[in-house]
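Please study the sequence and the structure shown below, then work through the exercises that follow.

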Amino acid sequence: MTKGADKESGGIDWSQYQGGDFFDEMITPKGGARRASQRVVKHLGQLSREELESRRVAAESTVRDMGVSFTVYSDGENIDRTWPFDLIPRVISAKEWEQTANGLKQRVRALNLFINDVYHEQKIFKDGVVPEYLIKDSKNFRPECIGITPPKGVWAHICGCDLVRDADGKFYVLEDNLRVPSGVAYMLENREISKRVLPELFETNNILPVDDYPAKLFNMLASVSPRKVRQPEIVILTPGIYNSAYFEHAYLAQQLGVELVEGSDLFVDKDDCVYMKTISGLERVDVVYRRIDDLFLDPEAFHPDSILGVPGIMRAWQAGNVALVNAPGAGVADDKVVYAYVPKMIEYYLGEKAILPNVETYLCDDPEQLKYVVENIEKLVVKPANESGGYGMMVGPHATKKDHEEFRKLVQENPRNYIAQPTLMLSTAPVITGPGEAEPRHLDLRPFVLQGTDLAVTTGGLTRVALKKGSLVVNSSQGGGSKDTWIIAEGGAK
């Protein structure tokens with residue numbers, strides 16, 4: 001545990017920081033600051049203990065004043081909680097990030113080609129690169145999408161790929177989120193909080209911006225409009241105020257200057273076009289950025305009792321009269337079993353080697369790999385193929401013998417629905433744990449990739465951090481917090 005320094009000697013005493021055996025994002029094994037972090041580490045060490053505590057309290061107040069919150073579900077209730085934010089930023093060099101961003105673009109290009117292939121010629125199955133049964137057994141495969149080609153051939157317009165570092169310091173892709181990826185509003189709010197409580201560091205470091213994301217998102221949405229009009233009508237479709245990501249839905253609508261609507265605000269007329277009800281009459285909608293899962297999107301096509309969606313919206317999409325972002329059916333690639341084949345997809349569709357590697361993955365529907373998982377389950381992280389938010393998974397080394405037995409049974413009863421991965425030595429970064437005190441905590445990173453006419457990657461992303469000592473679970477719904485992510489250009493000085 002790092003001891004807070006006396007007021008005279010500054011804030012965080014980095015010489016006492018114990019990074020352990022993990023790759024630390026800011027501090028080297030010898031106790032020095034990594035190159036991109038040098039100014040940040042020095043500054044946080046020079047601030048007095050009282051000043052550092054004052055900044056931490058100011059950050060908490062800012063979060064409350066800005067109304068940054070998230071919703072968790074507990075015992076049938078929705079509980080709004082203040083967004084947990086850690087003052088110390090996560091720092092990455094711009095040179096390293098450039099290569100990482102290239103890897104993300106490559107990955108998303110291949111994933112979109114794969115989804116399009118799945119709903120058309122299915123060449124990748126015929127050529128034996130990916131087994132066809134994986135798709136037939138996928139919960140996210142939508143037969144209703146067969147033969148449809150969305151605008152620009154893009155299915156997953158907004159992707160959130162989760163990255164982790166292992167002990168070797170390299171970035172690995174942990175999973176792809178292609179259905180309704182969330183978290184970008186918190187990335188933007190984290191930056192606003194940092195600017196308020198650490199303004200001097202933005203003067204002395206060349207921190208690359210993230211606040212251009214709303215403009216890039218708007219341009220991407222406009223680029224896929226089926227009507228070529230100067231100002232296409234764009235809406236964000238939300239399930240409503242009780243959804244865990246409603247804060248983000250409202251935030252993005254405000255930032256983009258578009259309407260936030262619920263299913264009852266839209267309807268599909270006899271011309272198979274989508275219209276929005278307004279006080280001045282009906283307005284045709286060109287693009288729906290939907291934050292509703294496929295099965296609730298259209299009661300005509302999917303769940304007939306859904307009151308969240310819009311009857312007939314799939315007909316309008318199939319007729320080419322509206323763009324749906326992300327497209328229905330994109331989740332066929334948002335499957336942790338399909339994830340294991342992405343490096344092969346990149347080679348197959350692009351003729352390139354994957355720039356960003358996957359985490360080693362064991363497929364439980366392979367008899368040999370299943371045998372290994374069953375025999376070594378106490379060492380592995382076991383995940384269901386289609387859950388998100390950290391639900392339904394088991395971290396072997398931190399689980400009980402009862403959990404081990406339960407998951408042995410689950411993977412043997414339904415092997416297609418489970419994968420296993422080694423327990424990674426997730427990288428760490430310092431978090432404030434008390435006045436003038438900092439300790440390492442594990443973290444991951446979710447950058448966001450936009451694909452329409454062009455491809456764009458956020459400069460950094462949403463860093464999620466496990467606030468509990470030793471925990472590897474970073475999801476806010478499971479007790480995690482967040483940091484601002486700074487991509488600092490070479491040399492550091494602004």
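**Exercise 1.** In which sense do strand β6 and β7 pair, and over how many bridges?

*Solution.* The model is predicted, so local features need pLDDT of at least 70, side-chain atom pairs count only at pLDDT 80 or more, and totals for chains, interfaces and linings use all residues. Residues are numbered from 1 along each chain as its sequence is written, and side-chain values use heavy atoms, without hydrogens and water.

Step 1. Strand β6 (residues 234–237) pairs with β7 in the parallel sense, over three bridges. Strands are DSSP runs of E with at least two residues, helices are runs of H or I with at least four, and both are numbered from the N terminus; two strands pair if DSSP finds at least two bridges between them.

Step 2. L237 has V261 of β7 as its bridge partner.

**Exercise 2.** Determine the strand order of the open sheet and name its edges.

*Solution.* Step 1. The four strands follow the order β7-β6-β11-β12, with parallel pairing.

Step 2. β7 (259–261) and β12 (323–325) are the edge strands, as each pairs on one side only.

**Exercise 3.** Describe how helix α2 packs against helix α6.

*Solution.* Step 1. Helix α2 (residues 49–66) and helix α6 (residues 184–197) pack at an angle of about 135 degrees, and their axes are 10 Å apart. Axes are lines fitted to C-alpha atoms, for helices over the stretch in contact (heavy atoms within 4.5 Å); angles run from 0 to 180 degrees between N-to-C directions.

Step 2. Therefore α2 is oblique to α6 (under 35 degrees is roughly parallel, over 145 roughly antiparallel, 65 to 115 roughly perpendicular, and the rest oblique).

Step 3. Residues in the contact include R55 and M66 of α2 and E189 and V197 of α6.
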